[in-house]
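Dear colleague,

I am handing over the structure we spoke about, and below it I have set down what I found. Please read the notes with the coordinates open beside them.

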Amino acid sequence: QVQLVESGGGLVQAGGSLRLFCVASGSIGSIEAMGWYRQAPGKQREFVATITRGGSTNYVDFVKGRFTISRDNAKNTVYLQMNSLKPEDTAVYYCNADIRTSWGQYRYWGQGTRVTVSS
């Protein structure tokens, strides 16, 4: 069994910062790409950022220059540093990871952590 658990969400004023964490645990062989998505109220889940095992990153345009994704392979953890937050960043943030296990490689998702940015 594999689990992803996010933390670090909360309430912050516009212009502020938050750092999200996501830890993978369980019967993990290796973790390939890890990433973050978000879902705002009344909207579909959307891509935010992804990072490969080797550290290559990719961001959606509206977070470039403000958000930074990173990971610690030894800790099976991915981070999302969010700076210069805007009210439109308010959403539930979900991490995912492509994980190799003894029964195959699958994409796993966390339960989400809520970020609220007040104006």
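Is T101 buried or exposed? Please bear in mind throughout that this is a predicted model. With a relative accessible area of 12%, T101 counts as buried, because the cut-off for that class is under 20%. The residue is found in strand 9, and, once its neighbours within four places in sequence are set aside, T101 is in contact with V2, S27, G29 and Y108.

Strand 9, which covers residues 91-101, is also where I would turn next. Its partner is strand 10 (residues 104-109), which runs antiparallel to strand 9 and is joined to it by 6 bridges. The two strands form a hairpin, with 2 residues between them, and within this pairing I99 stands opposite Y106 of strand 10. As a general point, the side chains in a regular strand alternate between the two faces of the sheet.

The other item concerns the cysteines. The structure holds 1 disulfide, formed by C22 and C95, whose sulfur atoms lie 1.9 Å apart. Since C22 belongs to strand 3 (residues 18-26) and C95 to strand 9, the pair ties together parts of the sequence that are 73 residues apart. Both of these cysteines, C22 and C95, are buried.

Methods
Residues numbered from 1 in each chain as written. Predicted model: local features only at pLDDT ≥ 70, side-chain atom pairs only at ≥ 80, totals over all residues. Heavy atoms only, no water. Disulfide = S-S within 2.5 Å. Helix = DSSP H or I, 4+ residues; strand = E, 2+ residues; numbered from the N terminus. Buried < 20%, exposed > 50% of the residue type's maximum accessible area, 1.4 Å probe, protein only. Pairing = 2+ DSSP bridges. Contact = heavy atoms within 4.5 Å.
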